[in-house]
Every structure is written in C-alpha cells, then in structure tokens.
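Here's a quick briefing to read alongside the model.

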Amino acid sequence: MSLLNHPSTSISSSSSAFLGRDHRRLKTRPHNVLLPAKRSWICKCVATPPAEVTAYKTKVSRNANMAKLEAGYLFPEIARRRAAHMLKYPDAQVISLGIGDTTEPIPDVITSAMSKRSDALSTIEGYSGYGAEQGEKLLRATIASTYYANLGIEEGDIFVSDGAKSDISRLQVLFGSEVTMAVQDPSYPAYVDSSVIMGQTGQYQKDVGYGNIEYMKCTPENGFFPDLSTVPRTDVIFFCSPNNPTGSAATRDQLTQLVQFAKDNGSIIVYDSAYAMYMSDDNPKSIFQIPGAKEVAIETSSFSKYAGFTGVRLGWTVVPKELQFSDGFPVAKDFNRIVCTCFNGASNIAQAGGLACLSPEGIKAMHDVIGFYKENTEIIVKTFNSLGFNVYGGKNAPYVWVHFPGQSSWDVFAEILENTHVVTTPGSGFGPGGEGFVRVSAFGHRANVLEACRRFKELYK
Amino acid sequence: MLKVLSCSSTPLSYFLQPKACLELQRDGIQMHAVAGRYTKISARELEHVNKYPNAEVISLGIGDTTQPIPDLIASAMSDYARSLSTPEGYKGYGDEQGNKALRKAIAQTCYRDLAVKDTEVFVSDGSQCDISRVQMLLGSNVTIAVQDPSFPAYIDSSVIMGQAGDFQYNSGKYRNIEYMKCGPPNHFFPDLSNTLRTDIIFFCSPNNPTGHAASREQLEQLVEFAKQNGSIIVYDSAYAAYITDESPRSIYEIPGAREVAIEVSSFSKSAGFTGVRLGWTVVPEELLYSNGFPVGHDFNRIICTCFNGASNIAQAGGLACLSPEGVRAMFSVVDYYKENAQILLDTFASLGLKTHGGVNAPYVWVHFPGERSWDVFNEILGKTNIITVPGSGFGPGGEEFIRVTAFGNRETILEASTRLKSLFP
C-alpha cells in the first residue's frame with residue numbers, strides 16, 4: 001500500500017561489477033606500496049582508487065579524520081605480512097613474537113566459572129538479561145578491593161569494559177575533538193589513532209607524526225621517561241606503564257613528577273596499567289599510588305594479558321570521583337553517560353570469568369601464567385644480550401625492546417622474518433620514537449620461544 | 001580540574017521533568033540523558049516501592065529479555081569456555097571483524113538470497129555499540145534524520161558526536177536533527193515529501209518503540225528517497241525475527257539498498273543475548289562516499305582501532321544460534337514473547353484503547369490521546385504497580401503514547417493483564 005502518489009520505481013541492482021570483483025578482504029587495505037625514503041622504509045597503503053564514474057556514489061562526504069590515518073592499524077598489517085610470508089614459505093615454521101597475543105590456556109578455575117555462567121543462562125533461576133552498563137556490582141567491588149585497596153578507589157569508580165582498546169576510544173569520545181593530547185613516543189598505537197579519528201589531530205608528517213599531538217620521546221638516553229620540562233601543556237596525557245612497547249616501568253619518583261606536571265597544567269592523565277602485574281621491580285602498579293593522582297588521572301586496565309582474555313574481552317577503567325572538568329563537573333558522570341549510551345556492558349559470561357580471576361585461586365593462577373611469560377621474556381632478553389645487542393624492557397613487561405641503531409625498523413622486521421621466519425613488530429609502528437628498534441613479544445609456547453631464540457642466534461652470530 | 005574545553009552549553013534532557021536545567025561548560029558534548037531516563041524511571045520505581053513496600057511491581061518498561069537462552073546455545077558457549085583451558089582449544093585475539101565461520105553463517109542464514117558477503121558482515125558486541133561506532137565513522141559534520149519516536153541511542157550518540165546542535169526546549173528537539181514523525185495518521189511511516197535531506201537516515205523496522213514494521217512499498221520509497229538525496233540509511237533490524245507478516249526482514253530485500261544502506265542487527269532480542277552481547281553490522285561493498293571511497297574500508301579501520309572483537313564465547317553462542325536447531329530454538333522463544341504481546345494487545349483493546357505494534361515486534365504502543373505520557377506512566381504505576389515507558393522518552397512524537405514491552409514470563413504478563421483491566425473499572 002503506497003502512501004505517496006509516485007510510482008514505485010524498481011531501482012536497478014547496483015553496478016557492482018564496476019568495482020571489480022576482486023573480493024578484497026576488508027581486513028586490510030589492498031595495496032601496500034613500499035616507498036623508498038631517506039631514512040626508513042615506509043609502508044604506505046595506497047587508498048583504493050575511486051570507483052569508476054558510473055558506480056553510484058552517495059553524497060555523504062568521507063570523514064576527513066579517517067582520511068588522515070596513515071595506513072591501516074599496525075597489528076592487522078603485521079598479521080598481513082605474516083600471512084603473506086606463510087604463503088611464500090608454506091613449509092616454514094613461522095613463529096609469532098609480533099602481535100602481543102597470549103598463547104597459554106586460561107586456568108581451569110576461570111573457564112569453569114564462565115562455563116557455569118553460560119549453563120546458568122539456560123535456566124530460569126540463572127538467566128540474566130541486561131547487566132548494569134558499568135559492570136556487575138560484585139566484579140566492580142572486587143576489582144576495587146583487589147587492585148586499589150587502601151587507595152581510596154571504590155566500586156563506584158570502576159567501569160567494567162570489553163577491554164582497554166574499546167575504553168580508550170570511549171575516553172576519546174568523552175574528551176571530544178577539541179582536546180590536545182600528549183603520548184609517549186613510542187606508544188601503543190590506539191592512543192594516537194583514536195585521537196586522529198576523533199579529529200583532535202592535524203595531518204601526518206613523515207618521521208614526525210600527526211600534527212597537534214605532543215610526542216614525548218622515551219629513549220634509552222632519558223631512561224624512557226620524558227623530560228617534562230620540555231613538554232608543552234596538553235589537555236590529556238596518555239601514559240602506559242609498564243610500557244608497551246618499550247617494556248619500561250616508571251618509578252615512583254617519575255610518576256610523582258608526572259602527577260605534579262598534570263596538576264600544574266590542569267591536565268588529565270590517562271594511565272594504561274594493562275601490564276601492571278608483570279612488574280618485577282618495586283614500581284607503582286597503579287597511578288593512584290601517587291598522592292594527588294585521583295584529581296588528575298584516569299586509569300585503564302585489562303584482563304587480557306593476565307588471564308589470557310585477549311579473545312574473551314574484559315577490562316576496566318577507573319574514574320575517580322575527585323576528577324573534575326574545568327567547570328567542576330565530575331568526569332565520571334560524563335563517562336557514565338558515555339558508557340550508558342555507547343556501550344551496553346561487557347559480556348556477562350566474561351564478567352563471571354573476571355570474578356573467578358580475582359578469587360584467591362584465580363589470582364594465583366594468573367600469577368602462574370604471568371610467571372611463565374616472564375620466563376619467556378628472560379630467555380629472549382638473554383638471547384639478544386648474548387648477541388651483543390642493547391636490549392631494553394623485558395623485566396617489568398612481556399616485551400623486549402631491541403635496539404638496531406641506524407637501521408629502519410621495517411627493514412629489520414623484514415630481515416628477521418625472511419631469515420628466521422619469526423614475526424616481530426617494527427618499532428616505528430609505535431611512533432617516530434620507535435625507529436631503530438624492534439619489539440619482540442614474549443607470548444608464546446616455550447618451545448617456540450626457545451626455537452625463535454635459536455634462530456636469532458643463527459642469524460646474528 | 002581540567003582547564004581546557006571550549007564548550008557550548010549542555011542542557012540536560014527533556015526527559016527529566018522540567019526543573020532546573022544546568023548549563024554546563026564541558027567539552028561541547030550535549031548529553032541527552034538516556035541514562036537519565038532509566039535513572040528517572042528507576043527513581044520513580046524506587047519512590048513507589050518505598051511508598052508501597054508491599055506492592056509487587058511488575059516491570060514492562062525496559063525491553064529486557066527474560067526467558068532462558070535455549071540449551072543448545074548456552075551449552076555451545078559453555079563448551080567453548082571450557083575449551084579455552086586446553087592447548088588445542090585456546091584462542092587469543094580473534095579477527096576484529098568477527099570469527100570467519102560466524103560471519104559466513106550470518107551472511108548465509110540471515111541474508112540468504114540477498115547477496116550479502118561474509119566480508120561485509122562485522123560482528124559486534126551489540127547494536128548500541130555499533131551505532132556509536134557508525135557515528136564515529138561518520139564524524140561530527142554529518143546531518144541525521146531519525147524517526148520520531150525512536151530508540152534514543154541514535155539521537156544520543158549524535159549529540160555526543162557533536163552533530164546535533166543545540167537542544168530546543170520549546171520543541172523538545174535538537175536543532176540539527178531532522179525528526180520524521182511516525183504516528184497513526186501516516187501509518188507510522190514518515191511523509192518523505194516533507195522531509196529535509198540529511199546525510200544519514202536512521203530507520204528502525206520493526207520499530208522500537210512503535211512496533212510498526214515498514215512494508216515493502218514503504219521501504220522502496222525510503223531507498224528511493226535516500227538515492228535521490230545521496231543519503232545513507234542506517235537500518236536497525238534488531239527485531240526482524242518478530243515479523244509475522246510479509247514485511248521485509250532486511251533492507252537489502254529492496255533493490256538498490258546495497259548502494260545506500262548499512263544494516264545493524266543483534267542477537268539480543270532473538271537469542272536472549274542482552275547480557276551476553278552479540279550483534280553485527282553489514283556494510284555493503286557498493287556503499288561509497290561522495291568521493292568514491294568505500295564506507296566499508298573506513299568502518300573496518302574503526303573496528304580495528306576502537307574495538308577488539310566481540311567475546312569469542314559469545315561468538316560461539318552466535319554460531320550455535322544460527323544452526324538449524326538454533327534458529328528453531330530462537331523462534332520458539334520469540335513466539336513466546338509474541339504471545340505475550342498478543343495478550344497485552346487484547347488487554348488494552350478491551351479497555352477501549354487504541355493500540356499499535358505488538359504484531360511484528362515485542363512492543364505494544366498504546367495511545368492516550370490528549371494525555372501527557374508521564375502522567376499516564378504515573379497513573380498506571382500508581383493504580384497497577386506496573387512500570388511502562390512514557391512515549392515522550394523516545395522523542396516529541398511519542399507524547400500521548402506509552403510503550404509496554406512483551407518481555408516477561410507468562411505468569412507475570414497475565415498478572416499484569418489482570419491489573420490493567422482494572423485501570424478503568
């Protein structure tokens with residue numbers, strides 16, 4: 001029954017043939033062109049050429065911020081390279097020490113809780129629908145008591161999520177497009193990329209980075225802690241410790257400086273503590289161990305690297321009550337609105353797993369797995385040390401940051417891959433400050449880590 | 001205190017009964033308090049319970065599923081969870097776009113004969129999240145149209161992204177949003193000849209809250225309208241499983257839709273996954289920006305950067321949902337809720353009230369001409385201890401209406417029905 005009086009025209013099916021049925025995998029940009037550059041090989045993804053003139057185009061402009069992004073996100077690119085390599089050498093035993101993906105099974109105590117919760121969902125008594133967007137009460141309370149005991153952080157300050165990556169973007173949505181941000185250089189790519197997407201940045205400049213972002217260089221020379229006296233004020237400061245990719249952990253002194261810096265500038269620190277449980281040294285595990293931090297910092301964390309939850313998806317963000325916008329409005333209230341509007345809670349099954357993680361048995365089990373990866377890290381550190389390399393990290397994080405002075409990190413990545421069939425991650429993928437370094441992640445089965453190290457020794461002896 | 005922030009004022013939602021409206025300098029975000037709505041309803045419920053501690057309050061408000069997840073789906077998740085403890089079964093990061101087998105199953109089962117490819121399917125942790133990711137994709141410079149009334153997340157996410165402009169108290173609308181009224185006079189389909197061009201058109205069918213499922217002819221008009229205007233439709237098909245008649249279950253049943261529409265859907269209301277969290281979004285290859293760039297490429301980048309995939313356990317459940325047995329099991333639960341809806345429809349009709357929806361969706365949309373929906377909400381709560389949702393919470397077009405959900409176990413629905421019959425003795 002037509003409401004309007006015009007003939008319902010039959011709209012012809014799209015002329016999709018013009019787009020070329022090459023069945024591109026949407027996962028990665030189709031073309032990677034290696035452009036020779038002065039100091040480094042830059043892997044640049046050429047944007048898909050506009051479709052033929054006859055293909056229908058909407059009149060909606062592409063979001064200019066998306067167009068600013070240089071290439072695809074780092075880790076799918078690593079995955080693409082790995083896949084291409086495996087095609088090239090189908091018999092090679094490729095070992096992945098690239099993407100920081102956990103490999104060891106999740107401890108029984110945790111999976112059986114998730115299994116139980118799943119089963120309960122098929123019973124009348126056990127079924128639950130929507131959970132609180134902020135997370136299940138008991139889990140929030142247990143996170144608070146486990147990680148933030150005596151730090152004045154309570155259940156209500158904890159927001160359970162489906163992981164740090166999602167939280168980082170939700171925080172960016174919270175901050176909006178007008179804020180300026182600072183990152184460590186090198187840093188986990190999601191901070192910068194989400195900033196670009198939100199429109200906080202300018203254009204990308206080769207070897208420099210995105211306009212409007214303050215890159216705080218973290219190098220061996222400055223002990224991987226930025227010289228704050230030379231850092232201009234920004235609204236938001238992303239800080240990850242223990243650090244991905246350098247593995248460096250900030251000391252109490254350094255974090256005290258950071259908090260003071262934020263306080264002096266009226267900035268907000270977004271503190272990423274996803275690797276805190278890997279800390280060997282006596283460094284703070286939470287930013288809230290620093291007095292005054294509750295007024296300047298948000299902390300985000302994750303079960304991914306503690307419980308092998310990289311696929312299960314569970315994390316949390318702490319927004320203290322004391323943290324206020326310039327007009328006095330609590331940041332937590334707005335974050336709560338973001339969480340209620342742009343999110344609908346982490347999976348209840350994952351949350352059941354999280355609760356089990358934080359039982360005494362669960363914590364012990366997580367420590368066991370973390371200990372295993374730390375042993376891997378030691379093996380890798382020893383290997384590169386023995387080969388005469390300058391090696392950083394590896395003590396407080398499952399990442400080893402190996403210096404290849406004067407070399408392009410993508411070159412080194414390619415050389416290692418080609419000659420040893422081991423996937424690593426080129427440092428420049430983490431920012432200009434990562435050039436000259438390669439990140440080796442310590443997640444892997446012991447045999448693979450040992451084998452990889454054997455191959456490194458072969459290559460670099 | 002954060003020093004920065006160039007901001008425009010931030011009025012609270014009209015949802016909250018007019019009192020003091022705080023103008024806050026924050027970060028330019030205009031917060032339409034969806035959280036506020038449910039908070040407000042919860043606050044009213046609490047107030048009511050405190051006043052009448054012995055009252056057994058029945059909630060037919062928030063559209064939350066109540067029936068257990070079918071065994072075979074729950075046990076698939078249970079088995080998968082356990083397998084994560086084994087060397088052979090352990091999985092770490094999945095593809096951000098979703099498990100390949102699940103993407104294939106969605107394409108083949110939900111879009112059979114509609115030429116949707118698995119590579120066009122992006123698995124998510126639910127529609128609410130996807131809508132915000134689509135908004136992030138589109139950016140702050142696009143204009144949007146929504147049905148009026150509509151599921152609040154479209155407007156709220158638009159406000160958050162800075163698309164919506166100022167809130168206007170006199171009209172109850174955001175300045176830059178085009179509200180397409182959907183009511184009985186126009187058979188719950190907007191008069192497109194009187195609708196301004198916007199970049200994006202949010203369209204939900206079967207509709208939350210009205211329950212109306214757009215007909216093929218209506219959707220053909222919508223696609224044509226989008227095509228003429230070069231707009232993108234974001235089509236929310238979360239309730240497609242509830243369709244009883246011949247109404248299209250997917251926008252892609254309409255020729256030409258692949259060039260103009262994104263479709264968002266969910267396992268929430270068909271599999272009871274409201275807490276488990278699983279859904280998907282389809283972005284066809286043919287959907288191009290004005291410069292020819294494929295929308296799907298950018299959406300993929302958003303997914304890889306702002307998301308890390310739906311929980312692998314939920315995805316295992318999704319795969320079980322789409323097995324032949326799983327589909328049968330889901331429809332059996334859907335039918336249960338539809339029977340509830342029929343009971344409610346009959347109840348309201350018996351009171352002489354004009355009801356809508358309830359046939360193709362788990363919502364009954366009841367008309368109280370001349371009355372304010374919050375007043376009706378309060379009256380129903382006061383007289384029957386039943387929580388509903390005032391229609392004005394879904395937009396100005398919802399005034400005079402109440403949404404009643406059909407989720408609930410049968411006894412509760414029957415009890416509610418008995419109480420409602422006493423509304424007008």
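Predicted model: local features only at pLDDT ≥ 70, side-chain atom pairs only at ≥ 80, totals over all residues.

For the complex, the predictor reports an ipTM of 0.91 and a pTM of 0.90.

**Confidence, chain by chain**

- Chain A has an average pLDDT of 90, with 89% of its residues scoring at least 70.
- Chain B has a mean pLDDT of 90, and 90% of its residues reach 70 or more.
- In chain B, residues 1–37 have a pLDDT below 50, and this stretch makes 120 contacts in the model beyond near neighbours in sequence.

**Chain A in outline**

- Chain A is built with 13 helices and 17 strands.
- Of its 461 residues, 60% count as buried.
- Take the contacts in chain A with a separation of 6 or more: 73% of them are between residues 24 or more positions apart.
- The accessible surface of chain A is about 17,200 Å², and carbon and sulfur atoms account for 53% of that.

**What the record says about domains**

- For chain A, an unreviewed UniProt entry places "domain: Aminotransferase class I/classII large" at residues 93–456. Over that range the chain is 37% helix and 16% strand, and the end C-alpha atoms lie 14 Å apart.
- For chain B, UniProt (unreviewed entry) puts the feature "domain: Aminotransferase class I/classII large" at residues 56–419. Over residues 56–419, chain B is 37% helix and 16% strand, with 11 Å between the end C-alpha atoms.

**Nonpolar cores**

- The largest nonpolar core holds 113 residues, and those with the most contacts inside it are A:Ile110, A:Phe309 and B:Phe273.
- Helix α11 (residues 360–386) of chain A gives this core its largest share, six residues.
- There's also a second, separate core of 94 residues; A:Trp410, B:Cys129, B:Val142 and B:Val159 are among its members.
- Back to B:Phe273: leaving aside neighbours within four places in sequence, its contacts include B:Ile69, B:Ile73, B:Met77, B:Leu278 and B:Cys321.

**B:Met77, with contacts in both chains**

- B:Met77 is in helix α2 (residues 71–83) of chain B. It counts as buried because its relative accessible area is 0%, and the cut-off is under 20%.
- Not counting residues up to four places away in sequence, B:Met77 touches A:Ser118 and A:Ile349 in chain A, and its chain B contacts include B:Phe273, B:Val276 and B:Ile313.
- For a sense of distance, B:Met77 and B:Phe424 are 347 residues apart in sequence and 47 Å apart in space, C-alpha to C-alpha.

**A buried glutamine**

- B:Gln135 belongs to helix α4 (residues 127–138) of chain B. At 0% relative accessibility, B:Gln135 counts as buried.
- What does the B:Gln135 side chain pair with? A polar contact of 2.9 Å joins it to the side chain of B:Gln163.
- Beyond residues within four places in sequence, B:Gln135 also contacts B:Tyr154, B:Ser157, B:Ser158, B:Met161 and B:Phe202, among others.

**Backbone spots to check**

- As background, most residues other than glycine have a negative phi, and most peptide bonds are trans.
- The peptide bond from A:Ser241 to A:Pro242 is cis, with omega near -5°. A:Pro242 lies in the loop between β9 (236–240) and α7 (252–265) of chain A.
- In chain B, the bond from B:Asn208 to B:Pro209 is cis, with omega near 20°.
- A:Asn150 has a positive phi, near 65°, and sits in the loop between α4 (137–147) and β4 (158–161) of chain A.
- A:Arg313 has a positive phi too, near 75°, and is in the loop between α8 (304–307) and β12 (315–318) of chain A.
- Which way do these two go, buried or exposed? A:Asn150 counts as exposed at 80% relative accessibility, whereas A:Arg313 counts as buried at 3%.

Definitions and conventions
Residues numbered from 1 in each chain as written. Chains lettered and ligands numbered in written order. Heavy atoms only, no water. Core = buried A, V, L, I, M, F, W, Y, C linked by side-chain atoms within 4.5 Å. Buried < 20%, exposed > 50% of the residue type's maximum accessible area, 1.4 Å probe, protein only. Helix = DSSP H or I, 4+ residues; strand = E, 2+ residues; numbered from the N terminus. Contact = heavy atoms within 4.5 Å. UniProt positions renumbered as here; feature names shortened; annotations may be inferred. pLDDT = per-residue confidence, 0-100. Areas by Shrake-Rupley, 256 points an atom, 1.4 Å probe, with all protein chains shown as cover. Polar contact = N/O pair within 3.5 Å; in protein donor to acceptor, adjacent residues only side chain to side chain.
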